[in-house]
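Here is a walk through the model on display. Have the viewer open as you read.

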Amino acid sequence: MTQTATRLISGSILTGSAATYYTAGTATTVVIKKLIISNTTAGALSVTIYLVPSGGSAGVTNTITSARAIAAGETWCCP
């Protein structure tokens with residue numbers, strides 16, 4: 001099986017509600033090795049991350065990080 005490292009998402013500004021930033025193609029397996037969140041604003045923000053299966057929607061059953069506080073100017077590397 002061939003493995004190719006690819007940037008899945010270029011820099012994006014997060015929204016105030018759940019939004020889709022990446023969708024894997026049919027018959028594709030994706031391994032996320034690094035996720036970096038940066039807060040470039042002057043105030044603290046929080047981020048919730050969902051890993052949603054095909055046909056699903058964001059919710060408590062697929063939350064992998066819930067309301068993680070990101071301080072102003074902080075960069076967080078999600079494990």
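Predicted model: local features only at pLDDT ≥ 70, side-chain atom pairs only at ≥ 80, totals over all residues.

**The overall picture**

The protein has zero helices and four strands, so the pattern along the sequence reads β-β-β-β, a strand being a DSSP run of E. Its C-alpha atoms fill a box of roughly 45 × 25 × 20 Å along the principal axes. Of the 79 residues, 11% count as buried. The accessible surface comes to about 6,500 Å², and carbon and sulfur atoms own 55% of that. As for contacts, take those between residues at least 6 apart in sequence: 41% of them join residues at least 24 apart.

**The core**

Which residues make up the largest nonpolar core? The six are I37, V47, I49, I70, W76 and C78. Strand 2 (45-50) and strand 4 (75-78) each supply at least two residues of this core.

T65 is a handy place to look next. This threonine is found in strand 3, residues 63-70, and counts as buried because its relative accessible area of 12% is under the 20% cut-off. Skipping residues up to four places away in sequence, T65 touches V47, T48, I49, W76 and C78. With its own neighbours within four places left aside, C78 is in contact with L35, I49 and T65.

**The nonpolar surface patch**

On the outside, L8, I9, L14, Y21, Y22, V30, I32, L51 and I64 form a nonpolar patch with about 760 Å² of accessible area together. Leaving out neighbours within four places in sequence, V30 is in contact with L8, Y22 and A24. The C-alpha atoms of V30 and L8 are separated by 9.4 Å, though the two residues are 22 apart along the chain.

**The salt bridge**

How many salt bridges does a search of the whole structure find? The search turns up one. In general, side chains of opposite charge can pair when their charged atoms come close. Here the side chains of E74 and R68 meet, at 3.7 Å from N to O. Both partners, E74 and R68, are partly exposed.

Most residues other than glycine have a negative phi. Is A27 buried or exposed? At 84% relative accessible area, A27 is exposed, since that value is over 50%.

**Accessibility at a glance**

Here are the relative accessible areas for residues discussed above.

| Residue | Relative accessible area | Class |
|---|---|---|
| T65 | 12% | buried |
| E74 | 24% | partly exposed |
| R68 | 26% | partly exposed |
| V30 | 30% | partly exposed |
| L14 | 44% | partly exposed |
| A67 | 47% | partly exposed |
| A27 | 84% | exposed |

Technical notes:
Residues numbered from 1 in each chain as written. Heavy atoms only, no water. Patch = residues over 30% accessible without salt bridge, like charges linked within 9 Å, V, L, I, M, F, W, Y side chains within 5 Å. Areas by Shrake-Rupley, 256 points an atom, 1.4 Å probe, with all protein chains shown as cover. Salt bridge = Lys/Arg side-chain N within 4 Å of Asp/Glu carboxyl O. Buried < 20%, exposed > 50% of the residue type's maximum accessible area, 1.4 Å probe, protein only. Contact = heavy atoms within 4.5 Å. Core = buried A, V, L, I, M, F, W, Y, C linked by side-chain atoms within 4.5 Å.
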